[in-house]
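Hi everyone, thanks for making time this morning. I'd like to walk you through a few spots in one structure, so let's get it up on the screen.

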Amino acid sequence: MLAKNRPDKPSRVHKNSVRRKPPSVDDELEAIRVAHEGILRAEDVVQYAANPRTLLHNKFEWDDGEAAKLYRLEQARQIIRVSVVLLPGSTEPVRAFVSLKSDREESGGGYRSLPEVINDSGRRNQMLNDARADAEVFRRKYETLKEIAPIITAINNAFG
């Protein structure tokens, strides 16, 4: 349900007003969040973006046939991501497949068998580089939480 100030309608600026900066997708997301008691929900974003006059509109696929195809691809990726295997000598399941950055940069992307990646020095190094990049994203996202300072320190020590 939309809030009273109807963020699904782009705001109009009087022709004599001075606008400091053009509106952005981030501005629209913030307006949606504020209009919904500080919570940004995907369904509210889609509802807002259905209006073709919004900046968010062009970030979505509105052709239902194409959107269904894209959604099925996302479902396939999710199935691949939750598939697990036991590595030799281990009792803890791990993901069966891994997506390497080098593969994602190529057309179509794809996933590789984790055991095969671990046993190939070049691909293993790529996986380590991907882990380093992921750790950096984690560090930047959570470094303000003092409660996990030991984890941040361990990341810094592991990757330099």
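First, a quick definition: when I say helix, I mean a DSSP run of H or I with at least four residues, and helices are numbered from the N terminus. Please also keep in mind that this is a predicted model.

With that in hand, let's start in the loop between H1 and H2, where we find Glu-37. Glu-37 has a positive phi of about 55°, although it is not a glycine. Is Glu-37 buried or exposed? It is exposed, because its relative accessible area is 79%, and the cut-off for exposed is over 50%.

Now compare that with another glutamate, Glu-28, which sits in helix H1, residues 25-35. Glu-28 is buried, yet it has no salt bridge. The nearest side chain of opposite charge belongs to Lys-59, and that is 9.2 Å away. What does the side chain of Glu-28 reach? The backbone nitrogen of Leu-55, at 2.8 Å.

Let's move to the surface. Glu-61, Asp-63, Asp-64 and Glu-66 form a negative patch there. One of them, Asp-64, lies in helix H3, which covers residues 64-82. Asp-64 counts as exposed because its relative accessibility is 66%.

There is a nonpolar surface patch too: Val-46, Phe-60 and Trp-62 make it, and it covers about 240 Å². Trp-62 is in the loop between helix H2, residues 42-49, and H3. With a relative accessibility of 34%, Trp-62 counts as partly exposed.

That's my tour, and I'm happy to go back to any of these spots with you.

Technical notes: Residues are numbered from 1 along each chain as its sequence is written. This is a predicted model: local features need pLDDT of at least 70, side-chain atom pairs count only at pLDDT 80 or more; totals for chains, interfaces and linings use all residues. Side-chain values use heavy atoms; hydrogens and water are left out. Patches are made of residues with over 30% relative accessible area and no salt bridge: like charges are joined within 9 Å, nonpolar side chains (Val, Leu, Ile, Met, Phe, Trp, Tyr) within 5 Å. Accessible areas come from the Shrake-Rupley method with a 1.4 Å probe; for residues, only the protein chains shown count as cover. A salt bridge is a side-chain nitrogen of Lys or Arg within 4 Å of a carboxyl oxygen of Asp or Glu. Lys and Arg count as positive and Asp and Glu as negative; His and the chain ends are not counted. The place of a charge is taken as NZ of Lys, CZ of Arg, CG of Asp or CD of Glu. Helices (H or I, at least four residues) and strands (E, at least two) are DSSP runs, numbered from the N terminus. Buried means under 20% relative accessible area, exposed over 50%, partly exposed in between (1.4 Å probe, protein chains only). A polar contact is a pair of N or O atoms within 3.5 Å; within protein, one must be able to donate a hydrogen and the other to accept it, and residues adjacent in sequence count only if both atoms are side-chain atoms.
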